[in-house]
Amino acid sequence: MKKTLSKTKLILFDVDGTILDSHAAIIGHHLKIASMLGLRKPSEKEIAAKLCMPWRHLIPALWPQADATEFEKKYRKENKSEQIYLFPGAIDAIKLLGKSHLLGIVTGRNSESVKENFSNF
């Protein structure tokens, strides 16, 4: 592994579920917004299975009758209080890898959301 890592120049990280322990908060927030809009309550497992989908497909897949624009607007407005944590050791690993590698983030989130979550750390 040491030889492989030494040849690697760029390391890309996903955000949710890799650096940030955010799945429970994201699932809970989707359920909260669905409740606010009077939509059905899917299981946490059903939501989790679709979180990898782009937003424009996620909402119609879970709530076909929902106005995706309205759902997203409420989600973004109410999302400010979401509790998201770093996985233990994430910062140390990023600092260590950053000394010898170019690091980047790949995510389906918008940049504002990522910056907001990382501003707490």
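Q: How many salt bridges does the structure hold?
A: The structure holds 2 salt bridges, a salt bridge being a side-chain nitrogen of Lys or Arg within 4 Å of a carboxyl oxygen of Asp or Glu. This is a predicted model, in which local features need pLDDT of at least 70 and side-chain atom pairs count only at pLDDT 80 or more, while totals for chains, interfaces and linings use all residues. Residues are numbered from 1 along each chain as its sequence is written, and side-chain values use heavy atoms, with hydrogens and water left out.

Q: Why is the pairing of Glu46 and Arg40 called a salt bridge?
A: The N to O distance between the side chains of Glu46 and Arg40 is 2.6 Å. The cut-off is 4 Å, so the pair qualifies as a salt bridge.

Q: What makes Glu46 and Arg40 buried, partly exposed or exposed?
A: Buried means under 20% relative accessible area, exposed over 50%, and partly exposed in between (1.4 Å probe, protein chains only). Glu46 has 26% and Arg40 has 37%, so both count as partly exposed.

Q: How do you know that Glu72 and Arg76 form a salt bridge?
A: The closest N and O atoms of Glu72 and Arg76 are 3.1 Å apart; the limit is 4 Å, so this pair also meets the definition.

Q: What separates Glu72 and Arg76 along helix H5?
A: Glu72 and Arg76 are 4 residues apart in helix H5 (residues 68-78), which means about one helical turn. Glu72 is partly exposed at 27% relative accessible area, and Arg76 is partly exposed at 30%.

Q: Which residues touch the most other members of the largest nonpolar core?
A: A nonpolar core is a set of buried Ala, Val, Leu, Ile, Met, Phe, Trp, Tyr and Cys residues joined through side-chain atoms within 4.5 Å. The largest one has 16 residues, of which Leu39, Ile47, Trp55, Ile59, Trp63, Phe71 and Tyr75 touch the most other members. Helix H2 (23-36), helix H4 (55-62) and H5 each give two or more residues to this core. H2 gives the most, with 5 residues.

Q: Which residues are in contact with Trp55, leaving aside its neighbours within four places in sequence?
A: Contact means heavy atoms within 4.5 Å. Trp55 is in contact with His30, Pro60, Ala68, Phe71, Glu72 and Tyr75.

Q: Why is Ile84 called buried?
A: Ile84 has a relative accessible area of 9%. The limit for buried is under 20%, so Ile84 is buried. Ile84 lies in the loop between H5 and E3. Leaving out residues up to four places away in sequence, Ile84 touches Leu20, Asp21, Ser22, Ala25, Arg109, Asn117 and Phe121.
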